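Dear colleague,

Please find below the structure that I am handing over to you. My notes on what was found in it follow directly after.

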Amino acid sequence: MRLLFSALAGTLFGAGLFISGMTDTAKVQGWLDIFGDWDPTLAFVMGGAIIPMFFAWRLTEGRRPVTQAFFPPKPPVEIDRRLAFGSVLFGMGWGLSGLCPGPAVASLGYGGVMHWVFFVAMLVGMGLAPYVRAALFERAMPAE
Amino acid sequence: MQSEWLWGLGGGLLIGLGAAMLLWGNGKIMGASGLLGGLVDGSGRSDWAERAVFLIATFATPLVIYPLFNEVDTHISSNWLVLVVAGLLVGIGTRIANGCTSGHGVCGISRFSLRGIVATLIYIAAGGASVLVFRHMLEVI
């Protein structure tokens, strides 16, 4: 049952990323190119995705997911250096390539070999992340 | 141009429905970097199968539907060095920040999570600065 929900969610996610144009790096970089030929498409995608999720979150109160006892709890309202530092690195790579993790997976099948170059580098980065985190934030965040 | 905005809105709705499906079905946040990263660093070992099924479906669906569209071009850089550096930054950054566009952006903003909103503002600002520097100043992308 959980696998079925995962498959359905992944199908909707993959279809949505493709149809919306978010697997097209030119559209993503166009959104980030405020000083160039700005492309607002990403705002429509983000807005479109937030609408169903807004209602999905609203309806969670007093209910439970189909296959689990509880919904994910709201994370602590804590803006730490990790969140800021990680988001800066991510944003730089996102701008440089026009790819974030979802579209990087969704474009692998048809986008050609350069998508695999990015994907493998991203996996290596994900593998290195715990060590980078430990080296930079060990003292500040010992319990991670 | 405006039809592209409508495709964006329609595709965005599908992304949001996918996130709602994972939330209501499995009680999970649909964050691409978290689902994938957990498989890479071993933190997602306990539910690896559902992560893998989700990612395979994300990978396979565009592969199946792209022939229905003409002139599919992802406009990816042909510079492998740019892509390697960008991939490393995205991989390390999303895991340190605990989320990317889907987790912090779609799932976080929609529940008014301050962390999600702040992360999104930061990575969009950093992305804008990145395009400004690498496209308009250094002209490498």
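Over the ring of which residue does the charged end of Arg111(B) sit? The ring is that of Trp57(A), and the charged end of Arg111(B) lies 3.7 Å from its centre. Please bear in mind throughout that this is a predicted model.

Aromatic pairs

Counted over all chains, there are 15 aromatic pairs in the structure. One of them is formed by Phe71(A) and Trp24(B), whose ring centres are 4.9 Å apart and whose planes stand at 70°, an edge-to-face arrangement. Phe71(A) belongs to the loop between helix H3 (41-58) and helix H4 (81-97) of chain A, while Trp24(B) belongs to helix H1 (residues 2-26) of chain B, so this pair joins two chains. Phe71(A) is buried, at 11% relative accessibility, whereas Trp24(B) is partly exposed, at 23%.

A further pair is made by Tyr110(A) and Tyr66(B): with 5.0 Å between the ring centres and 20° between the planes, the pair counts as stacked, because planes under 30 degrees apart are classed in that way. Here, too, the pair joins two chains, because Tyr110(A) sits in the loop between helix H5 (101-106) and helix H6 (113-137) of chain A and Tyr66(B) in the loop between helix H3 (48-65) and helix H4 (80-96) of chain B. Tyr110(A) has a relative accessible area of 13% and is therefore buried; Tyr66(B), at 30%, is partly exposed. Both tyrosines are also members of a cluster linked by ring pairs, which comprises Phe18(A), Tyr110(A), Trp7(B), Tyr66(B) and Phe69(B).

Cavities

Rolling a probe the size of a water molecule over the atoms shows where empty space is left. In this structure there are two cavities of 30 Å³ or more.

The largest cavity has a volume of about 180 Å³. Its lining consists of 17 residues, and those nearest its centre are Leu17(A), Met22(A), Cys100(A), Ile15(B) and Thr101(B). At least two lining residues each are supplied by helix H1 (2-20), H3 and H5 of chain A and by helix H5 (101-109) of chain B. H3(A) gives the largest share, namely four residues. By class, this lining has 14 nonpolar and three polar residues, and no charged residues.

The second largest cavity holds about 60 Å³ of space. Which residues line the second largest cavity? They are Ser6(A) from chain A and, from chain B, Leu22(B), Asn26(B), Lys28(B), Leu35(B), Asp47(B), Glu50(B), Arg51(B) and Phe54(B). H1 and H3 of chain B are the elements that give two or more residues to this lining, and H3(B) provides the largest share, three residues. The lining of the second largest cavity divides into four charged, three nonpolar and two polar residues.

Helix H2 of chain B

Leu35(B), named above in the lining of the second largest cavity, is also one of the buried residues of helix H2 (residues 32-41) of chain B. The buried residues of this helix are Ala32(B), Ser33(B), Leu35(B), Leu36(B), Gly37(B) and Gly38(B). After H2(B) comes Gly42(B), which has a positive phi, near 85°.

With kind regards

Methods:
Residues are numbered from 1 along each chain as its sequence is written. Chains are lettered from A and ligands numbered from 1 in the order in which they are written. This is a predicted model: local features need pLDDT of at least 70, side-chain atom pairs count only at pLDDT 80 or more; totals for chains, interfaces and linings use all residues. Side-chain values use heavy atoms; hydrogens and water are left out. Rings of Phe, Tyr and Trp (its six-membered ring) pair if their centres lie within 6.5 Å; planes under 30 degrees apart count as stacked, over 60 as edge-to-face and the rest as tilted. Buried means under 20% relative accessible area, exposed over 50%, partly exposed in between (1.4 Å probe, protein chains only). A charge sits over a ring if NZ of Lys or CZ of Arg is within 6 Å of the ring centre and within 35 degrees of the ring normal. On a 1 Å grid over the protein atoms alone, a cavity is a set of points where a 1.4 Å probe fits but cannot get out, and a pocket is an open set with protein on both sides within 12 Å along at least five of seven lines; lining residues have an atom within 4 Å of a point. Grid points are joined across faces, edges and corners, and a volume is the space filled by probe spheres set on the points. Ala, Val, Leu, Ile, Met, Phe, Trp, Tyr, Cys and Pro count as nonpolar, Asp, Glu, Lys and Arg as charged, and the others, Gly among them, as polar.
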